[in-house]
Amino acid sequence: MAAEMALVKPISISKLGNYPKPRIPQTKFFRISMSTTSSTPTTKSSSNKGPKKGIKESLLTPRFYTTDFDEMETLFNTDINKNLNEAEFEALLQEFKTDYNQTHFVRNKDFKEAADKIQGPMRQIFVEFLERSCTAEFSGFLLYKELGRRLKKTNPVVAEIFSLMSRDEARHAGFLNKGLSDFNLALDLGFLTKARKYTFFKPKFIFYATYLSEKIGYWRYITIYRHLKTNPEYQLYPIFKYFENWCQDENRHGDFFSALMKAQPQFLNDWKAKLWSRFFCLSVYVTMYLNDCQRSAFYEGIGLDAKEFDMHVIIETNRTTARIFPAVLDVENPEFKRKLDRMVEINTELLAIGDTDDSGFLKNLKRIPLIAALASELLAAYLMKPIDSGSVDLAEFETQLVY
């Protein structure tokens, strides 16, 4: 389950709250509902909403998560936890209140014009990119909003930061959903919230995984932005022009989670923390690599090699993570990439089996040796000699350091 969190921020509550609903034209429009049960795309008529398209599910499909909110309240109770640095959280709160991107996400006519020019297979590839990205941002909005609500009495400062982060995530999700409208689509976020199943993660796992997802999101966004700024001929759609400021939201969120972990030294200063840190790093890096290699056509469309892009993002994320995690993987060892590439080969074979006309029993039989081989590669990567790292004395102004 940890691997599923690589590109997706966890979510918790089953209500839409005050999230702004997208305006939906009456004609030539589709509302996308992401099904939790269907394994193949389906189309169903609806008098007002138009056809609903099911989303094909797999191990790497974005999923939703919940946590133990009572434990969260205990962790951030200032009467119980004396490690909470209230001055640091006050400073972070002021940073979020500044809201640097309040007027950043403003669309123009270039969006629709660019979308109309994207045709053929690349059009569907862009739609999938927007769908997955919107789902990830929306899931973060829901988790952070609920944490802000639950912690309001226990720790008002931390609660307000979570609420302001939910503001950022809602803004991102809304912007992405508006992007889908350029392709005459919209993600049905209300349906998505109610229909999806939720996976439980303990708070400390939420910290590890969400910190990594925010920091890896930063490096993905800034790398794409810098590449397209240098190679404007691949700027197929204007959303990438917003990634420079957008990634700073991701970075601030990651900095906040690093402060949260500093306030819980038991998550950073023993042998179990080292094992879990490596585990989540591996889960996140492998899942991103497998996901992106399945979607290499998207990266080719914007002039990037998926594997080169991912290795750059993994290395930079790992260096950033080493400032707070007590141990990280040796991702710059060439053997680590060889193992990733072998996992891609195995995953490709697994996908090919799923596309055959064989019976379910025969498919499962064929998958057994491949799953064993994948597990073997994962274990071998995990057991590679790690790099001891981390410090609870996290450098100040980390945003400037990584940017």
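Guide: What follows is a conversation about a predicted model.

Visitor: How many helices and strands does the chain have?
Guide: The chain has 14 helices and 8 strands, and of its 403 residues, 54% are buried.

Visitor: And what share of the contacts is between residues 24 or more positions apart?
Guide: Among the contacts in the chain with a separation of 6 or more, residues 24 or more positions apart account for 83%.

Visitor: Let's go inside. How many residues are in the largest nonpolar core?
Guide: The largest nonpolar core has 114 residues, and those with the most contacts inside it are Phe89 and Phe240. Helix H7, which runs over residues 203-230, provides the largest share of this core, with 15 residues. The core also draws at least three residues from each of domain 1 (62-267) and domain 2 (273-390).

Visitor: Which residues does Phe89 touch?
Guide: If its neighbours within four places in sequence are left aside, Phe89 is in contact with Leu84, Val157, Val158, Ile161, Phe256, Ala259, Leu260 and Ala263.

Visitor: What about Phe126, buried or exposed?
Guide: Phe126, whose place is in helix H4, has a relative accessibility of 0% and therefore counts as buried. Leaving out neighbours within four places in sequence, its contacts are Ile118, Phe183, Leu236, Tyr237, Phe240, Phe298 and Ile302. Along the chain Phe126 and Leu180 are 54 residues apart, and their C-alpha atoms are separated by 9.0 Å.

Visitor: Leu236 turned up in that list; where is it?
Guide: Leu236 is found in the loop between H7 and helix H8 (243-262), and with a relative accessible area of 30% it is partly exposed. Not counting residues up to four places away in sequence, Leu236 touches Ala114, Ile118, Met122, Phe126 and Gly301.

Visitor: How far apart are Leu236 and Ala114 in sequence and in space?
Guide: In sequence Leu236 and Ala114 are 122 residues apart, while in space the distance from C-alpha to C-alpha is 6.6 Å.

Visitor: New topic, then: how many aromatic pairs are there?
Guide: The count comes to 44 aromatic pairs. One of them joins Phe105 and Tyr242, whose ring centres are 6.4 Å apart and whose planes meet at 15°, so the pair is stacked. Phe105 lies in the loop between helix H2 (86-98) and helix H3 (110-117) and Tyr242 in the loop between H7 and H8, so this pair ties together parts that are 137 residues apart in sequence. Phe105 counts as buried at 13% relative accessibility, and Tyr242 counts as buried at 9%.

Visitor: And the rings of Tyr144 and Phe162, how do they sit?
Guide: The centres of the rings of Tyr144 and Phe162 are 6.1 Å apart and their planes are at 35°, so the pair is tilted. It links distant parts of the chain, with Tyr144 in helix H4 (residues 121-150) and Phe162 in helix H5 (residues 156-181), 18 residues apart. Tyr144 and Phe162 are both buried.

Visitor: Which rings have an arginine over the face?
Guide: Phe111 has Arg107 over its face, at 4.8 Å from the ring centre, and Tyr382 has Arg278 over its face, at 4.5 Å from the ring centre.

Visitor: How many disulfides does the structure hold?
Guide: The structure holds 0 disulfides. As for individual cysteines, Cys247 is buried with a relative accessible area of 0%, and Cys293 counts as buried at 18% relative accessibility.

Visitor: Where are Asp99 and Asn184 found?
Guide: Asp99 is found in the loop between H2 and H3, where its relative accessible area of 12% makes it buried. Asn184 has its place in the loop between H5 and strand E5 (185-187), and Asn184 is partly exposed, with a relative accessible area of 27%.

How values were computed. Residues numbered from 1 in each chain as written. Predicted model: local features only at pLDDT ≥ 70, side-chain atom pairs only at ≥ 80, totals over all residues. Heavy atoms only, no water. Core = buried A, V, L, I, M, F, W, Y, C linked by side-chain atoms within 4.5 Å. Buried < 20%, exposed > 50% of the residue type's maximum accessible area, 1.4 Å probe, protein only. Helix = DSSP H or I, 4+ residues; strand = E, 2+ residues; numbered from the N terminus. Domains from an automatic or database assignment. Contact = heavy atoms within 4.5 Å. Disulfide = S-S within 2.5 Å. Phe/Tyr/Trp six-rings, centres within 6.5 Å; stacked < 30°, edge-to-face > 60°. Lys NZ or Arg CZ within 6 Å of the ring centre and 35° of its normal.
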